[in-house]
Amino acid sequence: KVTLTIDNIKVEVPKDYTILQAAKLAGIDIPTLCYLKDINEIGACRVCLVEVEGARALQASCVHPVAEGMVVKTNTKKVRDARKSNVELILSNHNRECLTCVRNKNCELQNIADELGISEIPFEGEKTETVIDDQSYSIVRDQSKCILCGRCVNVCKNVQGIGILDFVNRGFETRVAPAFEKSMADVPCIYCGQCITACPVGALKEKDDIDKVWDVLDNPDVHVVVQTAPAVRAALGEEFGLPIGTRVTGKMVAALKRLGFDKVYDTDFAADLTIMEEGTELLGRIQNGGKLPMITSCSPGWIRFCEFNYPEFLDNLSTCKSPQQMMGAIIKSYYAQKNDIDPKNICVVSIMPCTSKKTESQRNEMNVNGIRDVDIVLTTRELAKMIKQARIKFLELEDEKYDQDLLGDYTGAGVIFGVTGGVMEAALRTVAEVLEGKSFENVEYEAVRGVEGVKEATVVLGGKEIKVAVAHGTANAAKVLDMVKAGEKDYHFIEVMACPGGCVCGGGQPHVSAKTKMDIDVKAERAKALYEEDELLTIRKSHENPQIKKLYEDFLGKPNSHKAHELLHTHYAA
Ligand code: HC0
Ligand code: SF4
């Protein structure tokens with residue numbers, strides 16, 4: 001421990017702390033801009049400058065280590081002036097069309113300019129040309145908004161282990177872009193959108209598909225069915241000022257009904273269906289000497305990561321489509337048939353916490369006889385925008401229930417899909433009962449829960465040891481695959497989610513400022529919301545979902561049947 005003085009307040013902190021951390025502990029707020037806890041701690045923007053007694057220049061507090069007896073001042077004229085001119089400099093080459101920016105009122109640069117009292121930009125010079133890359137289905141990059149903070153660069157490189165975005169060129173020509181300034185559509189980007197959630201400004205955003213949805217809602221000839229992913233309910237409320245981790249399932253359903261969707265269903269139904277298919281596939285592979293470890297295939301960012309970086313594992317992927325795609329395929333077959341609607345007149349809209357789901361829905365594989373499983377994908381953020389555009393008073397909505405017919409039941413197992421370890425836990429709940437031939441009271445598998453990057457467990461089922469692993473964030477997935485490749489591990493089943501924390505922290509979820517991330521573990525808070533819903537539900541195992549049983553009886557036959565394969569499975573080839 002060391003003791004230092006910040007603004008005349010004595011504070012004792014661990015000796016590996018930075019001044020920024022120490023100040024925080026002392027209740028002193030230092031502004032930051034490029035700083036992103038654990039991800040981007042590089043002192044580049046020079047907004048967090050402080051005066052350190054004895055040092056000649058001002059110091060970037062986010063990287064400057066504390067020392068015994070150090071005396072720090074965070075609010076002198078020198079400090080205020082320096083911070084201000086550094087932000088003015090950033091603003092002088094920034095596209096300041098805030099009113100039409102996706103991050104208007106939710107922009108860390110806008111906030112800091114306001115807090116520092118910046119009322120004019122003293123230097124006006126040459127500006128970076130506006131170049132917009134909107135060629136991919138998922139991500140739009142606007143160079144004129146980029147402030148070169150490096151947050152996206154480091155999340156992509158270090159957290160995801162990918163490195164699509166980097167600094168290119170020098171001096172005034174410096175840009176953050178893919179190599180050779182290629183389009184995001186032409187590089188091995190997995191569209192996880194972690195770069196978007198790291199971006200403090202509007203330089204990175206999702207492809208906006210809101211108007212497509214308004215169009216189909218306005219068209220009386222189209223039957224529009226919406227599905228909501230498990231993780232959306234854990235975060236949508238944040239867009240309306242609710243605390244992180246507030247569960248808003250009922251209000252979300254009410255809002256979707258007001259927006260005019262013909263039917264509102266939960267992707268959780270299809271998550272249960274996935275467990276039936278994937279669980280059966282796993283048992284089949286174990287019993288018949290199939291390819292192991294089997295690896296989950298529901299996270300489209302992970303699928304792309306595997307295709308680009310570990311093609312030798314493509315046969316290890318479960319052949320199951322993701323729940324979002326299964327839901328679409330079932331709506332356009334079973335549901336269409338039962339309701340006597342031509343599937344060509346049905347539009348399936350998904351609300352997802354994910355930007356990669358937009359690209360997934362457009363993949364060649366994701367159709368049945370030329371009919372797309374899912375037509376339009378919106379992120380959680382886009383849904384919030386639609387609700388605001390419709391002037392729906394979200395906070396005042398009474399809870400409503402999903403539509404109940406045919407695809408309305410869902411279980412706790414389906415809900416927890418949205419958090420890392422959830423798919424594994426849901427699978428174990430079902431596989432355990434099949435192998436043991438009896439029903440279990442305790443359904444909670446603590447070993448696969450939590451925010452650790454790689455989790456492992458061995459469960460004994462029907463006298464057989466089943467070894468499983470869970471990885472979230474693609475850098476962690478790579479670690480697990482490398483161990484399997486090296487023969488160090490022999491798992492039966494691996495769950496991979498591309499985003500750290502799982503879908504609850506997907507690239508389409510509401511923005512959380514770097515400042516809030518210093519205080520709150522967003523992954524854990526949002527996960528809690530889903531575990532809470534799981535506990536509240538009476539049915540917590542996928543195979544006990546009554547409408548899933550009915551779907552098999554009336555339509556699919558058995559799990560992994562010929563029909564199930566035609567609709568719900570696919571194959572990924574290199
Ligand atoms: Fe997920 Fe999913 S759990 S990927 O994270 O498996 O996006 O929430 O919808 O499809 O169900 C995302 C979330 C889903 C799918 C489900 C899976
Ligand atoms: Fe990197 Fe993911 Fe952003 Fe692509 S979407 S640049 S992989 S962080």
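**View 1. Contacts of Leu236 in the predicted model.** Beyond its neighbours within four places in sequence, Leu236 is in contact with Val248, Met252, Thr380, Leu383, Ala384, Ile387 and Phe394. The model shown here and in the following views is predicted.

**View 2. The largest nonpolar core.** This core comprises 80 residues, of which Leu236, Phe261, Leu407 and Leu556 touch the most other members. Helix H10, spanning residues 323–339, makes the greatest contribution to this core, with eight residues. In soluble globular proteins, nonpolar side chains tend to be buried together.

**View 3. Polar contacts of ligand 1.** A backbone N or O atom of Ala231 lies 2.8 Å from an oxygen atom of ligand 1. For Pro230, a polar backbone atom is 3.5 Å from an oxygen atom of the ligand. Ser322 contributes through its side chain, a polar atom of which is 3.5 Å from an oxygen atom of ligand 1. Helix H8 (267–287) and H10 are the elements that each supply two or more residues to the shell around the ligand.

**View 4. The residue shell around ligand 1.** Ligand 1 is surrounded by 16 residues, the closest being Ala231, Cys298, Gln324, Lys357 and Cys503. Classified by type, the shell consists of 11 nonpolar, four polar and one charged residues.

Technical notes. Residues are numbered from 1 along each chain as its sequence is written. Chains are lettered from A and ligands numbered from 1 in the order in which they are written. This is a predicted model: local features need pLDDT of at least 70, side-chain atom pairs count only at pLDDT 80 or more; totals for chains, interfaces and linings use all residues. Side-chain values use heavy atoms; hydrogens and water are left out. A nonpolar core is a set of buried Ala, Val, Leu, Ile, Met, Phe, Trp, Tyr and Cys residues joined through side-chain atoms within 4.5 Å. Buried means under 20% relative accessible area, exposed over 50%, partly exposed in between (1.4 Å probe, protein chains only). Helices (H or I, at least four residues) and strands (E, at least two) are DSSP runs, numbered from the N terminus. Contact means heavy atoms within 4.5 Å. A residue is near a molecule or strand if one of its heavy atoms lies within 4 Å of it. A polar contact is a pair of N or O atoms within 3.5 Å; within protein, one must be able to donate a hydrogen and the other to accept it, and residues adjacent in sequence count only if both atoms are side-chain atoms. Ala, Val, Leu, Ile, Met, Phe, Trp, Tyr, Cys and Pro count as nonpolar, Asp, Glu, Lys and Arg as charged, and the others, Gly among them, as polar.
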